[in-house]
Amino acid sequence: MNDPAGDDFPKAYDPAAAEARWYGKWEASGGFAPEINPDGDPFCVVIPPPNVTGSLHMGHAFEHSLIDATIRRKRMQGDAALWVPGMDHAGIATQNVVERELTKEGTDRHDLGRDAFVERVWEWKANSGGRIVEQMRTLGFSCDWSRERFTLDEGLSKAVRVVFVRLYEEGLVYRANRIINWCPRCHTALSDIEVEHVDLDGELVTISYPFSDGPGSIEVATTRAETMLGDTAVAVNPDDDRYRDAVGRTLTLPLVGREIPVVADEAVDSAFGTGAVKVTPAHDPNDFEISQRHDLPAVDIFTDEAAVNANGGDFEGQDRFEARQSVKEALESAGHLVGVEEHRHSVGHCYRCHTVVEPRLSLQWFVKVGPLAQPAIEAVRARRTQFIPQRWDKLYFDWMENLRDWCISRQIWWGHRIPAWYCNDCSDVVVSTEDQTSCPKCAGRDLHQDDDVLDTWFSSALWPFSTLGWPDHTEDLERFYPNAMLHTGFDIIYFWVARMMQMGLYFADDVPFRDVAIHGLVRDAEGRKMSKSFGNAIDPLELADRFGADALRFALVRAGSPGQDVPLAEEWVEGARNFVNKLWNASRFVSMNLDGRTLAELTGPEARDALNGASIPQRWMLSRLEQTVATVNESFDRYDFAEGVRELQHFTRDEFCDWFIELSKLPLSEPAERDRTQRVLGIGLSAILRLLHPVVPFVTEELWSRLGGDGMVMTAPFPDESAGVVDTEADDAMAVVIEVVSAVRRFRSEHNVAPSKRFRAFVRPAGTDQAVALRALSAEVEALGGLEEMVLETEPRPARTGEQRLVADGADVVIPFEGLIDLDAARSQLDRQVARLEKELAQIEKKLSNDSFLERAPADVVATQRARHVEVAESLDALRDQRASLG
């Protein structure tokens, strides 16, 4: 602990020095581990695991700031608070990174072979992965690093195998040919929610399919003309009279010559287009379902790279988009192209590389989600898990009630390899938690393991319990599952939250968390998503380097209400830095006036007893502190850190620093009042540092140390509202004092009266209580307002030329102009300002009375003009009142 004397208290706060000093001390103290509060209630939060390939972006900084505020507060409240850190192996993303490195070296993964490639990825992780961990330390996030996990570590790999095998044995994992989303760039299947749909301008191509057994044809329309090469039927609705005689007949597939049947199926919408649809079972999920009902063959026309294969006849080798044009030209030449229309439609893209995905029939592994989803739905309906804000329930239910089976196999090498082995002797399939070397059915030893790996989200779905040691029965699992809550973005409710609910209930027999606090996305000041492609991405580490980690954290948390997007601009971080500096300066003032006493001494058990006879400002400060503590705790309990932080900033900056410290200067100079004033300053500042610590940990720990707080503020008790009482009498008294002083200060500002200029103010209180307060605090009002004298009056003061009447809640304030301003110059200046605003107001009114402007101008332009009209009118009224007061 440093000597709290002012001489040893630097004038300016150095964030870099404090950040370098304190994180190591916190970690070395064991303060990040729940064992620091061995008898506390368990409170566990798992980190939404960032990708091992990633670096910390603004979304991470925001989310982690919320988690850290939650954990630090719970730790200070005495809970056994655990923040489990870790990273996701990020299968496709990580493999892509390493494959790009290999490309630069003139080789690829196939040249290396599977085992060597996987080893190369582990080497990359050891050397380059995990950069985000150091960045998290830089920003002060208090994870228990001794419990750090990785989705491919030994324990989590064991959990993944146990889950897969049990699901398989219970019929909830199966292997089948189904239509999946295929990425030709990543060469892997994708689940439905890994596909991002984008509305694009395309085309609707109408094709005529002639009957094979006579004249006539049926017209069908498609947005993907090339897929007609894989058609195996045309379907119509059985109730469509137009095609009643066509059902059962055959058509000749143009360009291919294959005969295909006309089938009747109730899935066809007879009101859409011609009422007839081409059936391409290998490349459309709805067509695949029709083919299953009518025993139609499936013809796959694409290679893994989405080029046309041998089934495409003359178009073999062409890229799918090249083939699309070639097919249209060939159809036109053959007389089968009826027409091409512009058509805007939704096109699926790979969420990783943004390549257009191809629906494709493929042999894959799936999870049967129905039996898993229903208990997860019921758990949220029963409020066993609560979404905050509750409106996110609807999104969750909409998704969970319309799930298709989850494709979990991926055709890559980095990840959890599917624990299934195929016997080449008897074709038996062995699914086991242990590696297999012989076939249990025929004893053959010629086995090979499935080449695919599991979807990254499969292991992530187990995160809340696998990180605590499941499937083993560990102390951490017993104590910290279910997790207390989860901070996460709305954008991964589908990907992650829903799946954790399913797996937690099925395998750990309880919901994974009690609360799910949903936050929005970080956007720029104009509300646009931050993106490198937009040129508006901001590096959080660069801002932290310039303004300090605390400033960044404060700006993010202050802007983020539950469920709402977070607008962020650099100037807001700069404003947060200014707040941190104000806290530093106020603390330095307090330190210099404590006569060497420490916060620990000033706030000890005897502190409250020493406050008997406290003045109105001192009582007000303690009362406002009590109310602020209550508001902060209530807001933080609802995970509305933004509301709590805004209230805390107002109390700290506006009430403690701007008012109470100024009001303390007089009693600090009086020996009889000095001790009591020091104690109130100490009580207030001690509480402020503890309240702010979860959000701005570095500066609060530095100040706590310099001011002589007990131990570290990280483990000091978080304030609660039981420490004092609300003093409404003092609140009301100080309210009128603040109003009067504020009115006087506005007068100075409006008329450019120098701070050193003293003058008289005539004040008539609105009632007896206000009169008592102003009389008792007249010296404070005069000092803070820079008044020569505050004259209290009991009767209304007649209106007089050369005086200005100020509006203040609880009192009328009148200030004579004589000796303060040049009346002639002031009149001339106000006349010019009034004339300028009158001209602007007339121009706005002319626009707003013009019907043509109102009809043709964009809505936001009209709204801006209306808002400006109100603003100018109000300013004009105020200037006219000022002008009238000058005669």
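**Close-up 1. Arg 546 and Glu 542 within helix 16 of the predicted model.** Arg 546 and Glu 542 both belong to helix 16 (residues 540-547), where they stand 4 residues apart, about one turn of the helix; helices (H or I, at least four residues) and strands (E, at least two) are DSSP runs numbered from the N terminus. An α-helix has 3.6 residues a turn, so residues three or four places apart point the same way. Arg 546 forms a salt bridge with Glu 542, with 3.3 Å between the closest N and O atoms, a salt bridge being a side-chain nitrogen of Lys or Arg within 4 Å of a carboxyl oxygen of Asp or Glu. Arg 546 counts as partly exposed because its relative accessibility is 40%, and Glu 542 is likewise partly exposed, with a relative accessible area of 34%; here buried means under 20% relative accessible area, exposed over 50%, and partly exposed in between (1.4 Å probe, protein chains only). This is a predicted model, in which local features need pLDDT of at least 70 and side-chain atom pairs count only at pLDDT 80 or more, while totals for chains, interfaces and linings use all residues. Residues are numbered from 1 along each chain as its sequence is written, and side-chain values use heavy atoms, with hydrogens and water left out.

Close-up 2. The side chains of Asp 812 and Arg 764 meet in a salt bridge at 3.4 Å, N to O. This pair links distant parts of the chain, since Asp 812 lies in strand 29 (residues 811-816) and Arg 764 in strand 26 (residues 760-765), 48 residues apart. Asp 812 counts as partly exposed at 30% relative accessibility, as does Arg 764 at 24%.

Close-up 3. Helix 3 (residues 91-104) has 14 residues and should span 20 Å at 1.5 Å a residue, which agrees with the 20 Å between its end C-alpha atoms; the expected span is 1.5 Å times one less than the number of residues. Among its buried residues are Gly 91, Ile 92, Val 97 and Leu 102, and what covers the buried residues of helix 3 includes helix 5 (114-127) and helix 12 (456-460). Gly 106, whose phi is positive, near 80°, follows helix 3.

Close-up 4. Glu 105 forms a salt bridge with Arg 120, the closest N and O atoms being 2.5 Å apart. Glu 105 lies in the loop between helix 3 and helix 4 and Arg 120 in helix 5, so the pair ties together parts that are 15 residues apart in sequence. Elsewhere, Glu 35, Asp 144, Arg 147 and Asp 476 are linked in a network of salt bridges.

Technical notes: Contact = heavy atoms within 4.5 Å.
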